[in-house]
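Work through the exercises below with the model open. Each task is followed by a solution in steps.

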Amino acid sequence: MKIKIEYISKNGRTLLLAYDHGIEHGPVDFNKKTIDPYYVLDIAKKGGFTGIILQKGVAEKYYGEKYKKVPLILKLNGKTNIYKGEPVSLQICSVKEAVDIGAKAVGYTIYIGSEFESKMLHEFGKIEEEAHDHGLPVIVWMYPRGKAVKTLDAKKIAYAARVGLEIGADFIKVKYTGSIESFKNVVRAAGKCGVLCLGGERMSESKILKTAHDCLEAGAVGMAVGRNIWQHKEPVKMARALGTVVLKNKTAKEALKILK
Ligand code: FBP
């Protein structure tokens with residue numbers, strides 16, 4: 001079956017709003033507003049995102065008719081950060097459940113380099129096959145982590161990107177390497193697999209907009225960000241500024257004008 005990449009893309013670009021932090025970090029990332037999934041779903045709708053990333057519980061209980069214009073990406077695995085051992089994240093939602101909830105794509109994290117990477121690679125193989133049978137694109141969060149990963153450098157990120165291509169992902173989500181040149185290697189390693197850059201912890205508006213611009217310049221197809229949008233005091237404005245760079249090819253300087 002043809003994989004419907006266009007479900008979560010606009011003119012070949014993808015801009016996703018991540019809101020799976022409730023499991024990954026706990027409510028520490030939230031304030032009184034952002035703890036409410038409706039607050040973030042409204043941002044996704046008004047901010048022009050090409051998709052929102054949710055875990056199944058939030059999706060089932062909050063992602064209703066009102067938000068259907070924002071494609072749902074259902075995250076199929078997840079873990080808390082309370083346990084500090086070797087990172088492992090296993091499946092908690094099936095592809096069938098994701099389809100029933102209305103997902104237009106599915107996501108899965110693999111900690112490459114972890115003692116448990118084989119478990120995640122194995123599980124991902126089955127998920128990818130099933131999702132593709134439904135025509136759903138698959139996004140893999142490719143995070144080199146674990147005691148074998150002493151430092152995270154551009155080479156390891158490029159390796160993780162290549163693994164994403166090898167295992168059949170349609171998109172990989174990786175950390176920006178810090179320079180256009182080194183990120184070009186990541187994009188090259190990912191081949192026909194679309195590269196999405198993650199946002200990370202809150203940073204200045206100009207820094208996140210420059211990161212967006214530079215990763216696209218290196219050949220990425222978009223971004224998947226969370227905290228830098230919904231923790232912003234004017235999240236819809238911030239989303240529009242980021243969208244100007246990611247979806248409309250503008251510079252970070254031009255995008256900054258939206259925030260003035
Ligand atoms: P942010 O833009 O807020 O970093 O969100 C991206 C994301 O990958 C989320 O999907 C996920 O919950 C979180 O980061 C994982 O963060 P960590 O790097 O702490 O595992």
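**Exercise 1.** Sort the shell around the ligand by residue class.

Solution. This is a predicted model. Start with the count: 14 residues surround the ligand. Then sort them by class. Four are nonpolar, five are polar and five are charged. Finally, pick out the closest residues. They are H21, H25, Y143, K173 and R227.

**Exercise 2.** Find polar side-chain atoms that lie by an oxygen atom of the ligand, and give the distances.

Solution. A polar contact requires N or O atoms within 3.5 Å. Take D20 first. One of its polar side-chain atoms is 2.7 Å from a ligand oxygen. Next, check K173. A polar atom of its side chain also lies 2.7 Å from an oxygen atom of the ligand. Then turn to W141. Here the distance from a polar side-chain atom to a ligand oxygen is 3.2 Å.

**Exercise 3.** How much of the ligand does the protein bury, and where does the ligand sit?

Solution. Begin with the ligand taken alone: it exposes 480 Å². Last, locate the site. The ligand sits in the largest pocket.

**Exercise 4.** Describe the fold content of the chain and judge how compact the chain is.

Solution. Count the secondary structure: 11 helices and eight strands. The C-alpha trace spans about 50 × 45 × 40 Å along its principal axes.

Technical notes. Residues are numbered from 1 along each chain as its sequence is written. This is a predicted model: local features need pLDDT of at least 70, side-chain atom pairs count only at pLDDT 80 or more; totals for chains, interfaces and linings use all residues. Side-chain values use heavy atoms; hydrogens and water are left out. A residue is near a molecule or strand if one of its heavy atoms lies within 4 Å of it. A polar contact is a pair of N or O atoms within 3.5 Å; within protein, one must be able to donate a hydrogen and the other to accept it, and residues adjacent in sequence count only if both atoms are side-chain atoms. Accessible areas come from the Shrake-Rupley method with a 1.4 Å probe; for residues, only the protein chains shown count as cover. On a 1 Å grid over the protein atoms alone, a cavity is a set of points where a 1.4 Å probe fits but cannot get out, and a pocket is an open set with protein on both sides within 12 Å along at least five of seven lines; lining residues have an atom within 4 Å of a point. A molecule sits in a cavity or pocket if more than half of its atoms lie within 2 Å of its grid points. Ala, Val, Leu, Ile, Met, Phe, Trp, Tyr, Cys and Pro count as nonpolar, Asp, Glu, Lys and Arg as charged, and the others, Gly among them, as polar. Helices (H or I, at least four residues) and strands (E, at least two) are DSSP runs, numbered from the N terminus. The radius of gyration is taken over C-alpha atoms; the globule rule is 2.2 Å times the number of residues to the power 0.38.
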